[in-house]
Amino acid sequence: MQDRDASPILSIRDLNVRFGRNAIAAITDVSFDVGRERVGIVGESGSGKSTTGRAIMRLLPPKAGVTATRMAFCGEEILDKTERQMNRLRGQEMALIMQDPRYSLNPVLPIGKQIAESARLHLGLKGKEALKAARDMLARVRINDPDRVMRQYPHQISGGMGQRVMIAMMLIARPKLVIADEPTSALDVSVRKDVLLLLDELVRENNSGLILISHDIRMVASFCDRIIVMYRGRIVEELTGLDKAQHPYTRALIAAMPDARHPVRRLAVMDRQALDRIGERVA
Amino acid sequence: MIRVENLDVAFGHGQGRHHVVRQVSLSVARGETLGIVGESGCGKSTLLRSLAGLERGWTGRIWFEGREVGTVRRREELKLAQMVFQDPYGSLHPRHRIGTALAEPLRAMGYPDDRQKVLRALRQVGLPADFANRFPHELSGGQRQRVAIARALILSPPILLLDEPTSALDVSIQAEVLNLLADQRDERSLTFVLVSHDLAVVAHMCDRVLVMKDGTFVDELTKDDLQRGVAHHSYARELFEASFL
């Protein structure tokens with residue numbers, strides 16, 4: 001399926017977020033577009049990558065002041081929408097997959113019911129139909145014994161399986177935009193790859209856009225078409241591959257990672273004062 | 001320096017019995033850094049805790065510096081190996097100042113409270129002396145991990161047991177902490193056992209890596225193997241591929 005319209009799914013210009021009367025802004029002048037592609041946002045803790053994701057979903061607490069000259073989802077301004085309109089949008093048109101399935105699944109509800117709820121709300125299915133859709137979706141995310149997992153509770157399944165369930169729940173409505181916030185950070189390395197490939201497959205199938213938020217620049221680089229690097233609430237650089245990194249922060253980030261194939265005696269350490277001097281010159 | 005023979009750890013009884021570490025043997029030479037990689041639940045942390053003397057339910061034999069140690073340790077035996085945990089926030093008392101936390105091992109081992117020793121330990125890990133008056137929540141994650149390293153080193157143990165020492169840190173901070181550990185190792189000719197799920201970190205730090213799965217070692221990799229990306233066991237190969245994703 002070729003994308004018929006080249007217009008971006010999400011278009012953001014000059015997004016600013018400030019919590020309360022905090023002197024330091026959480027996000028400053030962030031602008032980017034997301035089409036039917038996979039875009040990665042990388043940065044260290046506190047760089048504003050998750051806040052960006054939440055601002056798009058309008059999930060930040062009321063004390064967060066969010067402003068933007070444009071924040072359009074499929075051509076419609078997100079910030080102008082009422083909470084009711086947002087509720088319709090969330091889950092149906094845009095979905096958020098979070099880090100730890102153990103915290104984002106309801107612990108007292110069987111898996112099947114939770115996915116069926118998603119089918120009921122977003123696909124308008126009822127009773128048996130919703131359960132059948134849930135079961136099909138579980139099979140779709142390659143869970144071996146969907147009938148058994150349907151009856152199980154979140155604590156009875158492994159982390160990797162939990163993340164598959166989350167993906168099933170979020171993608172059953174075929175949203176146009178999927179935001180995955182550290183979807184594999186809580187998982188073991190061997191499971192990570194499967195979950196990422198699965199996510200990729202489903203997103204391509206639905207022809208949607210994907211924003212992958214992660215601290216792991218290597219993983220993002222091997223998975224995404226474009227990488228947005230954030231530092232201290234600003235976008236410092238946008239690249240298509242690690243070898244194209246120009247900004248000293250991105251380079252320092254890559255150099256700080258140990259690599260088994262290219263051993264060094266000492267790891268390169270970031271010179272934060274030098275980075276801040278560069279930041280001041282730009283600002 | 002460290003020798004382990006047929007170490008076995010099991011939790012629970014009867015039906016619920018869970019065999020976590022199965023007949024594990026290993027040895028580490030003086031000044032060597034041994035890495036143990038594996039996924040959650042493979043028994044790597046339990047193995048390390050048994051070495052540290054935190055786990056009492058093991059069977060088998062353990063030697064430090066040629067001396068055999070039992071499940072219950074005496075002070076001299078405890079002083080031989082100290083441990084650094086993954087989450088420094090969980091391993092530092094939230095209402096004790098850093099100075100108090102650092103003096104704790106001295107007090108526990110029956111040494112007099114020596115303020116100078118505490119300040120020296122702080123300086124050695126690259127922290128200013130006035131941090132002794134701060135509380136753990138006033139420090140960043142990387143600084144807290146430095147404190148944890150200082151606390152482990154204050155008794156001058158010849159062996160340091162590291163359980164995922166940088167997993168909770170950003171890569172740039174991880175680089176600083178790994179450099180600090182490497183410097184201390186060279187300076188004091190320490191012997192390390194480093195447990196991690198991150199093959200890249202282990203490959204960077206270690207001379208030799210054991211791959212653990214379901215309580216046993218399935219593969220042993222030398223530095224050369226790691227560099228060339230060679231693994232002998234299918235599971236180790238899988239780990240390799242996943243970490244280079």
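Residues 2-239 of chain B are 37% helix and 27% strand, and the end C-alpha atoms of this span lie 26 Å apart. Helices (H or I, at least four residues) and strands (E, at least two) are DSSP runs, numbered from the N terminus. The model is predicted: local features need pLDDT of at least 70, side-chain atom pairs count only at pLDDT 80 or more, and totals for chains, interfaces and linings use all residues. Residues are numbered from 1 along each chain as its sequence is written, while chains are lettered from A and ligands numbered from 1 in the order in which they are written.

**Annotated spans**
- The UniProt annotation "domain: ABC transporter" (unreviewed entry) covers residues 2-239 of chain B.
- In chain A, UniProt places the feature "domain: ABC transporter" (unreviewed entry) at residues 12-257.
- UniProt positions follow the numbering used here, feature names are shortened, and annotations may be inferred rather than shown by experiment.
- Residues 12-257 of chain A are 40% helix and 24% strand, with end C-alpha atoms 31 Å apart.

**Chain A as a whole**
- Chain A contains 11 helices and 11 strands.
- The radius of gyration of chain A is 20 Å, close to the 19 Å that the globule rule gives for 283 residues, so chain A is as compact as a globular protein of that length.
- That radius is taken over C-alpha atoms, and the globule rule is 2.2 Å times the number of residues to the power 0.38.
- The C-alpha trace of chain A spans about 60 × 50 × 40 Å along its principal axes.
- Of the 283 residues of chain A, 40% count as buried, a residue being buried if 20 or more other C-beta atoms, placed from the backbone, lie within 10 Å of its own.
- Among contacts in chain A with a separation of 6 or more, 66% are between residues 24 or more positions apart; two residues are in contact if their C-beta atoms, placed from the backbone, lie within 7 Å.

**Nonpolar core**
- The largest nonpolar core has 152 residues, and those with the most contacts inside it are A:I115, A:A168, A:V178 and B:V193.
- Helix α7 (residues 159-171) of chain A gives the largest share of this core, 8 residues.
- Such a core is a set of buried Ala, Val, Leu, Ile, Met, Phe, Trp, Tyr and Cys residues joined through C-beta atoms within 7 Å.
- Leaving aside neighbours within four places in sequence, A:I115 is in contact with A:A134, A:M137, A:L138, A:A168, A:M169 and A:I172.

**Contact between chains A and B**
- The contact takes 24 residues from chain A and 24 residues from chain B.
- On the side of chain A that touches chain B, the elements giving two or more residues are α8 (189-206), α9 (217-223) and α10 (248-255) of chain A.
- The largest share of that side, 4 residues, comes from α8(A).
- By class, the side of chain A that touches chain B has 13 nonpolar, 4 polar and 7 charged residues; Ala, Val, Leu, Ile, Met, Phe, Trp, Tyr, Cys and Pro count as nonpolar, Asp, Glu, Lys and Arg as charged, and the others, Gly among them, as polar.

**Local features of chain B**
- B:L47 is found in helix α1 (residues 44-52) of chain B, and counts as buried because it has 28 C-beta neighbours inside 10 Å.
- Beyond its neighbours within four places in sequence, B:L47 is in contact with B:L7, B:V21, B:V24 and B:I36.

Note on methods
A residue is buried if 20 or more other C-beta atoms lie within 10 Å of its own, exposed if 12 or fewer, and partly exposed in between; C-beta atoms are placed from the backbone.
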